[in-house]
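Dear colleague,

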Amino acid sequence: MIIEFTPDQQMIREEAQRFLREQSSSEATRRVVDAGASHDVGLWNSISHELGWCAMAIPEEFGGLGLGATEVAMLMELTGARLACVPFWSTVCLAAPLIEAAGSEDAKTRYLGAIAAGEIAATVAFGDLSVADPLAVTSVKAVKSAGGYVLTGKVAQVIDLAVADLVIVPAKLDNGAIALFTLERDAGQVIVPLKVLDGTRPIASLELAGVAVSAAQRVDAGGLTAAAAQSALAFANLGLAAEQLGAAQGALDVTLAYIAERVQFGRTIASFQAIKHRCAELVVGIAEARSLVFGAAASLGEADADESALEISGARVLASDLQFRAAEEAIQLHGGVGFTWEYDPHLYFKRAQASAALLGARDAHLDSIAASVFGDGGQK
Amino acid sequence: MSDLDTFRAEVREWMASHLTGKFAELKFRGGSGEGDALPELRKEWERELAAGRWTCPGWPREHGGRGLSVAEQVAFQEEYSRAGGPGRMGHIGEGLMGPTLIAFGTEEQKKRFLPGILNGTEFWCQGYSEPSAGSDFGNIKTRAKLDPVSGDWIVSGQKVWTSLAHLSDWIFVVARCEEGSVGRNGLIFLLMPLAQSGVEIHPIKQIGGGAEFNSVFFDDARANARDVVGQPGDGWKIAMALLGFERGISTLGQQMSFQQELDLIVEISKENGSDRSPAIRQRVAYAWTGLRAMRYLAMRVLSDDQSAETRREALTYKYQWSNWHRDLGRLAMDVLKMDANVVSHDPRRERLQQMFLFARADTIYGGTNEIQLNIIAEQGLGMPREPRGKL
């Protein structure tokens, strides 16, 4: 297997890069962050309606373009580089893959079609966003009623909830199994936006105080299987790793631009070897992470699913480490202005923390790789 | 089954039926840190490979190779290493000298030197580094003077870190042929037989006890007039082109051997209980991750993708694998615990101990870590170049 992008993929990438350079500036990100807004409305409209990015990986039979993980990873990488404030990851990498993997035919037709058409933003109310297997835990209960179910419970943190037109709620049935329910806007749920450290990716809490839903709102095709959960989470983690990689590249780009201008001792600080070497080490990290992200994307669906899951876990480990390092170096190499609100490094730094915590921190992913490499199913 | 699978099966089958009998002893030998192990048998193995037409399989057909595609060469390297194929005594000839002669040699040079490389009968070593020309390769002091009577070149000076010189027949030498020239100018690329009175070879005992490196002293040694590659003065150009022929295909074989080392570490840690340490488990998992990333990076580098990104990231490959390997050495010793301290003839432990020691060289030879980072910063990121000193 030789890893390279096809000419079509190259074209998608270059077009997206050009578009984001023009439309997704630092100023645009700051407007959202400073206002505590849910997203960049204009940018999201362009991405979802005009450019059709949400349709990329959705099968053609549901109105999508039927492309794959590689295209989505590319777009995630590029939006990550600009810290674009759009519900792209939650819609395309959380909600859509979950519906595709576990949804009934009706649910796929209805919701995947709407996502592909750019009509809705969607998210998933995982019970615990911090664990590697967030579909196994939920504090929401679903009790059968005459017309359907009644949902009760509270989810502490849901990504992009305030902007989402659709939220998928995993809830526990009487028999202990987990089922998936959909809630559209204003269906009785209480949404409280949280004041967050990383303002580029909003979080809100979700409260369901006995919300009645129809049987049709249960969208899983007879229960969530382990294989379906694994397939949905593979996409979520791969997309996140790609975004983290992109954010690292973005932090490095911002830094390179700054140090090429900043003069001390009669020379640009970019000419000091101490600084050159640290930038070069980031390129090494980027090369590693990019290779694993796109290698894993290329083999997703081709290779064995367990093997793919390990590669994606590895990609998360490398990308989480890298994103942090790049953001830390951005602050350090900017010197005094690096910890001001006015310059961009803090945005990358906060995003690094917020992303590293999602869907299993580094240690959890390393543990699952170790369980497989040692062939013992985990720590004895 | 794809053509590539069929090809892999053919290599596997050949290795299984030939790396046996007296050659069985060679399995997994002659690798990192023991390049001088079992030299006579390994030279015989080269001739065995040659009889099967498995030397130089990537060379064009008209020069005696199989003209394999990149994907096939990768498959060959992987299957060779997987089968435990020993470190290649003919590597310098096959991977560096041959391709250089094919590109820059005269017809007469090709006719005279390529068959010996193909047949596994003539072995080459590389005369680049000198005591004062390490990272600063342009600071070469070895001199080549033209003998006006014969047209031969008379060479004096010293090369160092010359791998396997004591087991080789020929050396290619970069020397200064223009009096008073400095840096990249005024260099010549010469082919010289080692068996002559003006050449002395002194092995250098290295960190693990073996001696695959040498100092090679030239005292009015002679290079025949017809054994100049390119023109006098072209030495730098030829020397750099030669390094470029190592496109990294053999690194896929190297990765297979890294995988074997990692497998050994896992196996031993399960036997001695190191696998119960959460820290060891995480480091093993991290090593697994780095190796997988390295594999995909190699596949990007070997592809036709010529994007600025891929070209920039290709520059990181050496830094990446060498540092990964060095860390693996530390991990291996931590897994062995007190057993790491005792010199052992258990082949598994010995292999890891040698790897631990020799991996320290990985981040030095072929461009040190520090030089690699300069290259990445300057060529990859376009950052300002290091100033030259005046000494």
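This is a predicted model: local features need pLDDT of at least 70, side-chain atom pairs count only at pLDDT 80 or more; totals for chains, interfaces and linings use all residues.

How much area is buried between domain 1 of chain B and domain 3 of chain B, and what percentage of it do carbon and sulfur atoms give? The area is about 1,000 Å², and carbon and sulfur atoms give 61% of it. Buried area here is the accessible area (1.4 Å probe) that two parts lose on being put together, summed over both.

Residues are numbered from 1 along each chain as its sequence is written, chains are lettered from A and ligands numbered from 1 in the order in which they are written, and side-chain values use heavy atoms, with hydrogens and water left out.

**Chain B**

Chain B is divided into domain 1 (3–89), domain 2 (124–235) and domain 3 (250–380); the bounds come from an automatic or database domain assignment. The centres of domain 1 and domain 3 of chain B, taken over C-alpha atoms, are separated by 22 Å. Their contact (heavy atoms within 4.5 Å) takes nine residues from domain 1 of chain B and 11 residues from domain 3 of chain B. Between these two domains the count is one salt bridge, a term that requires a side-chain nitrogen of Lys or Arg within 4 Å of a carboxyl oxygen of Asp or Glu. B:Arg295 forms a salt bridge with B:Glu78, and the closest N and O atoms are 2.7 Å apart.

**Between the chains**

In the interface of the two chains, 50 residues of chain A are in contact with 42 residues of chain B. About 4,200 Å² is buried between chain B and chain A, with 63% given by carbon and sulfur atoms. On the chain B side, B:Arg281, B:Gln282 and B:Tyr296 lose the most area to chain A, together 17% of what that side buries. Eight salt bridges are found across this interface. B:Glu313 and A:Arg290 also form a salt bridge, with their closest N and O atoms 2.2 Å apart.

**Chain A**

The assignment for chain A gives domain 1 (7–121), domain 2 (124–217) and domain 3 (226–373). The side chains of A:Arg110 and A:Glu184 meet in a salt bridge at 3.0 Å, N to O.

**Cavities**

A search of the whole structure finds three cavities of 30 Å³ or more. A cavity is a set of points, on a 1 Å grid over the protein atoms alone, where a 1.4 Å probe fits but cannot get out, and lining residues have an atom within 4 Å of a point. The largest cavity holds about 130 Å³ of space, the volume being that filled by probe spheres set on the points. Of its 18 lining residues, A:Ala84, A:Val86, A:Arg201, A:Glu243 and A:Arg351 are the closest to its centre. Domain 1 and domain 2 of chain A each give at least three residues to the lining of the largest cavity.

With kind regards

Methods:
On a 1 Å grid over the protein atoms alone, a cavity is a set of points where a 1.4 Å probe fits but cannot get out, and a pocket is an open set with protein on both sides within 12 Å along at least five of seven lines; lining residues have an atom within 4 Å of a point.
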